[in-house]
Amino acid sequence: MNHHKLKQDLIEFSKTIGIDKIGFTTSDPFLELKNRLVEQQKQNYASGFEEPDLDKRTDPKRLMPEAKSIIAIAIAYPSRLHDAPKSKKGERRGIFSRSSWGLDYHLVVKDRLKKLEVFIQEKVPGAVLKSMVDTGELADRAVAERAGIGWNGKNCSILDPVYGSYMYLGEIITNIPFPPDTPMEDLCGSCTKCLDACPTGALVAGGQINAKRCISFLTQTKDLIPAEFRGKVGNRLYGCDSCQTSCPYNKRVDFHLHEELEADPEVVKPELLSLLSLSNRAFKEQYGSLSGAWRGKMPIQRNAIIALAHFKDPENIDPLSELLKKDARPVIRGTAAWAIGKIGGDKAAQILRECLAAEKEELVRIEIEEAIAKLEKLGE
Ligand code: SF4
Ligand code: SF4
């Protein structure tokens, strides 16, 4: 078997099935990544969403003992919404990050990986193949970096001069010894634009991210977002793109190459008030196909409340007080209390006092008391 020829055939085939970049690397362990992950754990920077076994994340042979190489792929995704509805008074809107536009990218990348697998199996019957994307054990970015898909930018994304960092990544571990590609040169240079743009200082020098401070991670949690970060969430409903949009390599990048990744602007930039009253069923119907729906309805609604506070329209005190009085979920009531306090004014203070008298849940009572205390301080 001529592995150079097979690699060339695979590259040609990949272009016909909607893969925008493909690269190859060995199955050697990712030692530098392992050191970085150990450091990340020591510093308590991890999000908790990752595979906990560091060996599995950094040694492909732990996942496939006969592994000889890894095929990395990238799919470019759009960065601009066309005909997006305007967010205006009386119709305030939130935004899903670009990685949640269109059909859940896990499904799109898996589809391409599956097609590659079928092609390889036809050429090499019995080939051992293991595909993964995002939630797999291996770190997609480390694989993509070593396979020459792009360099690992200071914004913790893989960057390519053509597609910028707007690429979804996936990989296949295989027992076929494909000749490896050369990693790309790091073109960040002395630029620090992404670090400067990060609203919470979550990007740590040396290409590390402190997930506990990262808004993208915080929007996906199910608890109350810590008060110190709430004001930084803005109108983000899911994810955060500030370290991508600030990157000079992303400036004019906007590829619309895949039908499935085209966003419905009404879905990814939805009206905030209508989000708050969605039933579970309606949420599933309207948002279930987005990658940003993976944690369910509650975190998106909590973030919508934070977004309403960001816009500070006094007329939104009424719908927020309805939530504070009636919603069964303490995280929603607590966030609504904070939001009412943030919008402020006499009516807000009165509603908060009324609700405090009726509220039994400690977590919510604390939020109401803090909101009242802040308003009283402002009124002094
Ligand atoms: Fe900072 Fe947002 Fe990037 Fe997270 S996603 S590191 S909060 S800019
Ligand atoms: Fe690199 Fe600058 Fe882009 Fe950050 S903004 S990833 S430092 S080029």
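A202 is buried, since its relative accessible area is 1%, where buried stands for under 20% relative accessible area, exposed for over 50% and partly exposed for what lies in between, with a 1.4 Å probe and protein chains only. This residue sits in the loop between helix 7 (193-197) and strand 8 (203-204); helices (H or I, at least four residues) and strands (E, at least two) are DSSP runs, numbered from the N terminus. Apart from its neighbours within four places in sequence, A202 is in contact with Q208, I209, N210, R213 and C214, contact being heavy atoms within 4.5 Å. Between A202 and Y45 there are 157 residues in sequence, while their C-alpha atoms are 9.2 Å apart in space.

The model is predicted, with local features needing pLDDT of at least 70 and side-chain atom pairs counting only at pLDDT 80 or more, whereas totals for chains, interfaces and linings use all residues. Residues are numbered from 1 along each chain as its sequence is written, chains are lettered from A and ligands numbered from 1 in the order in which they are written, and side-chain values use heavy atoms, with hydrogens and water left out.

Beyond four places in sequence, the residues in contact with S165 include Y77, N155 and N250.

Turning to helix 1 (residues 3-16), its 14 residues should span 20 Å at 1.5 Å a residue, and its end C-alpha atoms, 20 Å apart, agree with this, the expected span being 1.5 Å times one less than the number of residues. At the start of helix 1, a side-chain oxygen of N2 comes to within 2.9 Å of the backbone nitrogen of H4, and just after the helix G18 adopts a positive phi of about 80°. The buried residues of helix 1, namely L6, K7, D9, L10, I11 and S14, pack against strand 1 (21-26), strand 2 (69-76) and helix 5 (105-123).

Methods:
Polar contact = N/O pair within 3.5 Å; in protein donor to acceptor, adjacent residues only side chain to side chain.
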